[in-house]
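I am opening a notebook on a structure that is new to me. I will start with charged pairs, then turn to the ligand and a few local details.

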Amino acid sequence: MTSSFTRDDEGRLTVGGLPLEDIAATHGTPLYVYSGDGIRADYRNFAAAVAPVDGKVHFALKANSALGVIALLASQGAGADIVSGGELQRALAAGVPAAKIVFSGVGKTTAEIGAALDAGIGQINAESAAEVEAISRIAATRGVVAPVALRVNVDVAPDTHAKISTGQRSTKFGVSISQNEAAALYRRLADDSHIRPAGLAVHIGSQICDLDPFERAYTALLEFSSALRGEGLPVPTLDLGGGIGVDYDAGTPTDFTDYGKLVSKVFYDSGFQIGFEPGRSIVANNGALLTRVIYIKDGDNKRFVIVDAAMNDLLRPTLYEAYHAVLPLAPTGALEGPADIVGPVCETGDYLAQDRMMPALAEGDGLAVMSAGAYGAVMASSYNSRPPAGEVMVLDGECHVLRRQRDIAELLAEEVIPVLS
Ligand SMILES: Cc1ncc(COP(=O)(O)O)c(C=O)c1O
């Protein structure tokens with residue numbers, strides 16, 4: 001499979017036929033650039049892979065919640081998996097029909113649940129007995145019936161970074177299916193006149209590259225849901241979450257064929273409506289963070305390439321020791337030696353890449369931090385009073401501004417100085 005970012009005949013790094021250097025020159029750096037064509041193609045590939053079970057796909061907004069990206073996916077038929085009232089507003093603003101929105105997360109507030117019910121969203125995935133009580137109470141005061149699925153914890157540990165592993169009992173996620181906790185809660189939920197039981201949900205973690213943990217989790221879910229059905233309880237939907245890993249080394253699109261086959265093997269003809277919440281696998285390799293070299297600094301024992309993007313723009317290397325390929329925008333020369341690609345933020349942890357073999361670079365050269373389309377811009381902050389990078393998307397040969405970089409004046413305007421005596 002070919003990457004969305006390729007070199008043209010002249011060796012320039014491009015996306016959708018447009019040289020990234022031109023995009024950087026027009027819109028400035030740091031700048032997130034997404035391939036809308038790639039996002040659309042990857043969504044379609046995912047939807048095709050799960051078509052045999054008539055899968056309903058809800059894009060996980062937490063991976064990339066730019067309105068332009070959500071709207072593009074909505075135009076392809078995607079729903080939205082949200083985790084906050086803010087993401088609810090984003091999904092609605094981008095044109096996702098309320099009925100296609102699924103609300104996940106362990107800590108939904110009264111206001112968020114109320115807003116979700118008022119909007120008429122399709123499904124709330126509850127994660128605790130206390131939350132089921134809250135949803136019931138809030139639905140009762142509104143005189144509505146809330147569609148509630150129960151997120152269960154199937155105690156499967158995927159082989160991924162500890163901070164994005166959610167499947168074990170020791171995590172805060174879901175209600176354990178062992179010791180009958182989840183079964184008792186589902187019975188209680190099904191018995192509540194303010195709740196319409198929507199089914200069960202599972203999500204065991206993110207960046208999972210091996211299908212085995214998915215198979216164990218899905219098999220456990222099927223067994224558990226079949227037992228509930230055996231009791232005569234309504235379990236219409238099984239929501240399988242997201243979590244499919246991407247190739248951060250090659251930057252190529254994820255091949256969903258084997259995942260689709262696994263889902264069909266476990267659920268084909270099971271009689272459940274199957275839902276999905278992919279995030280990273282649709283957008284990660286369809287985004288890059290463009291940056292420019294400010295200085296080259298030869299330290300005591302290593303070379304630092306100091307660039308104008310930083311941990312406030314892309315936190316993943318600092319937070320997860322995540323690997324992102326870094327490629328020059330211009331035609332590349334021979335590799336010259338190892339370097340750390342670092343930002344201007346005053347933290348030793350502020351790096352985008354460490355010990356990378358890089359070609360000769362000079363001040364002003366453009367670089368692309370690859371595979372930055374997921375959990376990139378959404379995690380940005382204004383740390384060090386640096387306005388986070390803007391975002392653009394190339395679609396059908398045109399570059400669209402999705403969000404321009406704010407300026408310092410806008411950041412300052414959000415604050416108030418108290419009257420000091
Ligand atoms: C409940 C839930 N669904 C879906 C996702 C999306 O996962 P991914 O981006 O790995 O596909 C997440 C992210 O961790 C999640 O917490």
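**Entry 1: charged pairs**

I searched for salt bridges and counted 22. I note at the start that the model is a predicted one. Side chains of opposite charge can pair when their charged atoms come close.

I looked up E131. E131 forms a salt bridge with K108, and the closest N and O atoms are 2.5 Å apart. The two residues come from distant parts of the chain, 23 residues apart. E131 belongs to helix α6, residues 129–142. K108 sits in the loop between β7 (101–103) and α5 (110–119).

Is E131 buried or exposed? I found a relative accessible area of 5% for E131, so I wrote it down as buried. K108 also counts as buried, because its relative accessibility is 10% and the cut-off is under 20%.

Next came E133. E133 pairs with R188 in a salt bridge, with 2.8 Å between the closest N and O atoms. E133 lies in helix α6, while R188 lies in helix α7, residues 181–190. The pair therefore ties together parts of the chain that are 55 residues apart in sequence. E133 is partly exposed, at 39% relative accessible area. R188 is partly exposed as well, at 26%.

I then followed R188 to another partner. Its side chain meets that of D192 in a salt bridge, 3.0 Å from N to O. D192 has a relative accessible area of 11%, so I list D192 as buried. I also noted a network elsewhere: D8, E10 and R12 are joined by salt bridges that share partners.

**Entry 2: the ligand**

Which residues are closest to the ligand? I listed S206, G243, E277, R280 and Y375, out of 14 residues that surround the ligand.

I checked three of these contacts. The side chain of S206 has an N or O atom 2.3 Å from an oxygen atom of the ligand. Y375 places a polar side-chain atom 2.6 Å from a ligand oxygen.

How much of the ligand does the protein bury? Taken alone, the ligand exposes 400 Å², and the protein buries 92% of that. I also sorted the shell by residue type: three are nonpolar, six polar and five charged.

**Entry 3: cysteines**

I searched the whole structure for disulfides and found zero. C209 is exposed, at 58% relative accessibility. C399 is partly exposed, at 25%.

**Entry 4: two buried polar side chains**

T291 is in strand β14, residues 287–298. Its relative accessibility is 0%, so T291 counts as buried. What does its side chain contact? The side chain of T291 makes a polar contact with the side chain of D308, at 2.5 Å.

S35 is in strand β4, residues 31–35. S35 is buried too, at 3% relative accessibility. Its side chain reaches the backbone nitrogen of G38, at 2.8 Å.

**Entry 5: backbone details**

Most residues other than glycine have a negative phi, and most peptide bonds are trans. I looked for departures from this.

Which peptide bond did I note as cis? The bond from T29 to P30 is cis, with omega near -5°. P30 lies in the loop between α1 (20–27) and β4.

S371 has a positive phi of about 55°, although S371 is not a glycine. I placed S371 in the loop between β19 (366–369) and β20. S371 counts as buried, at 3% relative accessibility.

D396 also has a positive phi, near 50°, and is a residue other than glycine. D396 is in the loop between β20 (390–395) and β21 (398–403). Is D396 buried or exposed? D396 is exposed, with a relative accessible area of 54%.

Terms used: Residues numbered from 1 in each chain as written. Predicted model: local features only at pLDDT ≥ 70, side-chain atom pairs only at ≥ 80, totals over all residues. Heavy atoms only, no water. Salt bridge = Lys/Arg side-chain N within 4 Å of Asp/Glu carboxyl O. Helix = DSSP H or I, 4+ residues; strand = E, 2+ residues; numbered from the N terminus. Buried < 20%, exposed > 50% of the residue type's maximum accessible area, 1.4 Å probe, protein only. Near = heavy atom within 4 Å. Polar contact = N/O pair within 3.5 Å; in protein donor to acceptor, adjacent residues only side chain to side chain. Areas by Shrake-Rupley, 256 points an atom, 1.4 Å probe, with all protein chains shown as cover. Nonpolar A, V, L, I, M, F, W, Y, C, P; charged D, E, K, R; others polar. Disulfide = S-S within 2.5 Å.
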